[in-house]
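Colleague: I would like to learn how to read a sheet and an interface from coordinates. Could we work through one case together?

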Amino acid sequence: MSASLAFPARRRTTGEALAGWMLTAPAALAYALMLLLPTLATIALAFTDYELGADGLAWIGLDNFAELLRDRGFAIALRNTILYVALVAPLSVLGGLALALLIETGTRGRAFFRAVFFLPVVSLPVAMAAAWQYLLHPTIGPLNAALRGIGIEGPAWLSSSDTVLLSLAAIGVWENIGFNLVLFLAGLTAIPRELYAAAEVDGATSGWERFRLVTWPLLGPTTLFVVTITMTRAVRVFDSVAVLTQGGPNKASEVLLYAMYEEGFTYFRLGYSAAITLVFLAIVLALVWLQTKVLEKRVHYA
Amino acid sequence: MFASPQLSRRVALSAPAAMLFAPRILRAQAPVEITVHYAQPFIYKEAYGALLAAFARREPNIKVNYVTTPNYEEGAQLILRQAATNQLPDLSYQGFNRLRVFAERGIAQDLLPLLKAEATDPATAGYTPNLLALAHFGGFQSGLAFAASNPVTYYNADLVRRAGGDPDNFPTNWNDVLQLAGRIDRLGDGNEGMWFTWNGDDWMFSALLFGHGGRMLTEDERDVGFAGPEGLGAIRLIDRMVKEGGMPNLSAAAARQAFTAGKLGIIFQTTALVRGMVAGAGNNFVLRTTGMPVIDPGKGRLPTGGAAGMLTAKDPAKRDAAWKFLRFSTGPEGQALMVRNTGYLPCNQIAIDDPQYLGEFYRANPLFMAAVRQIPISIPWYAFPGTNSVRVTQTMVDNLARIVEQRATPEEVQRDMAAEVRRLLPRRS
C-alpha cells in the first residue's frame with residue numbers, strides 16, 4: 001500500500017517545492033541582486049586598493065584594515081559613533097516608553113499626541129536638518145535668543161566642538177522618539193487588562209508596582225525590538241551630519257558612515273571606504289546577534 | 001540613427017551596406033548629438049540655457065543634451081565613475097581644483113593643439129596666457145576656463161556706519177578692517193563683527209597665503225610652501241580675526257544667514273555669491289562689496305575659483321562638435337551670456353576688454369565690480385598633486401578649526417598642518 005501511494009505523494013512534494021521556489025523567486029532574485037551581490041562586491045572591494053577613476057586595482061589583502069587601525073580620523077569617527085549611540089539609544093528608548101505610558105494613561109487627545117510625536121519620523125530628514133540649522137543658529141536662532149532673554153549666552157551649538165555631538169544627539173533623539181513611542185503603544189495595548197486587576201488583588205496597589213510587575217515584563221519583546229532597531233538606526237546616523245556639520249569642526253562630529261562617504265566619494269578611495277563599510281556591517285551584525293542571543297533569554301514571551 | 005519605426009525590414013537590412021559605401025557623406029550630413037555635463041544648476045541653469053539657445057542658432061546640426069549634478073563634488077564622482085564604465089559625456093565643466101585629478105588620471109585631453117589649429121596665438125581669440133593658466137593642470141592644457149571668481153569683501157553699510165566707519169571709504173588693510181570689525185562686534189544686540197570663509201575648502205586660506213606672496217607647495221612640489229613666514233602670517237591673521245575682529249564660530253551657511261539677516265558686519269567670500277547675497281539682503285540693509293584687504297601690495301595675489309570645460313569625447317565627430325560648443329561657451333559671446341546670467345567673472349580677454357559685451361552690465365551692477373578690479377592680481381587656484389589631493393584640503397581646514405576655536409596657537413597649527421600635509425604628498429624618490 002505504502003509503495004503505491006509514495007510515488008504520487010513524492011511528486012506532489014516536488015511540485016509543491018517547485019511552486020514554492022517559483023513563488024519566492026521574485027523576492028529571492030531581488031534579495032540577491034539588491035542586497036547579496038552588492039554586499040559580496042563590497043567585501044571583495046575592501047581587500048583592494050581600488051580608486052574611483054583609476055585604471056586598475058590590486059589585491060592588497062588586509063592593508064586597508066591595517067590602515068584603519070592607524071587612521072586617527074577613523075578612530076575619532078568610531079568613538080563619536082559609539083558616543084552618539086550611547087546618548088541617542090537610551091534617551092529615545094526611555095523617552096519613547098515614558099511618552100507611551102503618559103499617552104496610554106491619559107484620557108484625552110491620544111490621537112493628537114501620537115501624531116505630534118510621530119511627525120519627525122515621517123518628515124524628510126534633510127529638510128528637517130535645515131530647520132534645525134535655523135533653530136540652533138548661534139546668533140539669529142530662536143533657542144539662543146530665548147537663552148539670551150534669561151541672561152545666558154548660548155553656545156554655537158553646531159559649530160563648536162564641545163556641543164556639536166550633543167546637538168546632533170538631541171536631533172537624533174527627536175527623530176527616534178516618535179517611532180519608539182508608537183511601537184511601545186502597540187506593545188501596551190497587547191497587555192491583557194485582567195493582569196492589572198489580578199496584580200491589584202495580589203496587593204500591587206501603586207502605579208510603580210504595577211509597572212514593575214506587569215507592564216515591564218510583558219513589554220519585554222517590544223523593548224527588545226525597540227532597543228535593537230534604535231541602536232541600528234543610531235549607528236546609521238548620516239543625514240544630519242552630512243547636512244549640518246560635514247563632520248566638523250576638526251572631526252568633532254565625524255561618524256562612521258560620514259567617514260565612509262568621505263573616503264569613497266570625496267577622496268575617491270573606494271577600497272578603503274569598503275573596508276569602513278565592513279566595520280559598520282560587523283557592528284550592526286554584532287548588535288543584532290547580541291540582542292537576539294543574550295537578551296532574548298531574559299525576555300518573557302507571553 | 002536608422003532605427004525609425006517606419007523602416008521596412010529590407011531597408012533596415014540594407015542600411016549597414018549603404019553605410020559601407022558612403023560613410024563620409026552620411027557623417028557630414030547627419031546631425032551630431034553630444035552630451036555636456038555641468039554642476040550647480042542652481043547657479044548656472046539660466047546661463048547654460050542661454051548658451052544652448054545661442055549655440056543652436058549657430059550650429060543647427062549639433063544637438064546638445066545636458067547632464068547636471070547638484071555640485072562639483074558629485075560632478076567629479078560622475079565623471080570618474082563613467083570613465084571606469086566607458087560612458088563619459090563628451091564635454092564636462094568641472095571646478096578648477098578638481099581638474100588636476102582628471103588630468104593626472106588621463107581623462108582630460110590636451111586642448112592646446114585644437115586652439116593652435118584655429119589661431120597660432122590663442123591670445124588673439126581672447127585666450128591670454130593668464131586665462132589659459134587657470135585650467136592648465138598635469139602639465140598640459142587640460143581645460144578652458146569658463147567661469148571665474150575671486151574672494152571679495154561684502155559689508156553691511158548700515159552696521160559700518162553705526163560703528164563709526166565710512167561705508168564709502170572702506171578700509172583697505174587688515175589692521176583697519178579688524179579694528180572696524182571689532183567696533184561692529186561691540187555694538188552688542190547680537191551683532192557680530194566679521195566672518196571669513198575659512199572652512200569648506202582651502203580656497204579662502206590660500207587668499208591669505210597668496211596675499212602674503214606665499215605658495216601652497218614649493219616650486220618643485222616636493223614640500224609644503226606654507227611652513228615659512230607667509231604661512232604663519234596667514235594663520236596669525238585668522239587668529240587675529242577671532243581675537244580682534246570678533247569672528248564667531250559659525251558654519252558657512254550660518255554665517256551667510258546671519259549676514260543677510262543684518263546681524264553680521266563684514267563677510268569675506270567668493271564673488272560668485274553676489275546674486276544670492278543681494279536676494280538674501282533684500283531691503284534689510286544696504287549691501288556693498290569691495291576688494292579684499294591688501295596684505296602685500298607688491299607680491300600679494302588672490303586665488304581664482306570657478307569652472308573650466310574639459311573635453312572627454314573620443315569619437316571624432318562628437319569630439320569636433322563638443323569642441324565647437326566649448327569654444328563657443330568660452331568665446332566672447334558665450335562669456336557675455338555666462339556673466340550676465342551668473343555674476344561670475346568672464347574668462348575671455350575680448351569679453352573683458354570690449355565694452356560691447358559687458359560694459360552695460362557692469363554699469364548696471366556695480367556690486368560685481370569688486371571682483372573685476374582684482375583680475376590683475378588673480379592667479380590659479382592651487383590643486384595639490386597626487387591621489388590625496390582633496391584630502392589635503394580637508395586636513396588644512398581641520399587644523400584651521402583649532403585656531404577658530406582658540407585651542408592652539410598659530411605656531412602649533414602651522415607645525416601640525418605642515419607635518420600632516422607632508423605625509424599626504426606623493427612620495428617620490
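Colleague: In what order do the four strands of the open sheet in chain B lie?

Modeller: A word on the source comes before the answer. This is a predicted model, in which local features need pLDDT of at least 70 and side-chain atom pairs count only at pLDDT 80 or more, while totals for chains, interfaces and linings use all residues. Residues are numbered from 1 along each chain as its sequence is written, with chains lettered from A and ligands numbered from 1 in the order in which they are written.

Strands of a sheet pair through backbone hydrogen bonds, either parallel or antiparallel. Here the order is 8-9-7-10 in chain B, with mixed pairing; strands (E, at least two residues) and helices (H or I, at least four) are DSSP runs numbered from the N terminus, and two strands pair if DSSP finds at least two bridges between them.

Colleague: Which are the edge strands?

Modeller: Strand 8 (192-196) and strand 10 (287-290) of chain B, each of which pairs on one side only. Strand 8 of chain B runs parallel to strand 9 (residues 264-270) of chain B over four bridges, and B:Glu192 stands opposite B:Leu264.

Colleague: Which chain B elements give two or more residues to the side that touches chain A?

Modeller: Contact requires that C-beta atoms, placed from the backbone, lie within 7 Å, and by that criterion 28 residues of chain B are in contact with 22 residues of chain A. The elements are helix 4 (72-85), helix 12 and helix 19 (389-404) of chain B, with helix 4 of chain B giving the largest share, six residues.

Note on methods:
Two residues are in contact if their C-beta atoms, placed from the backbone, lie within 7 Å.
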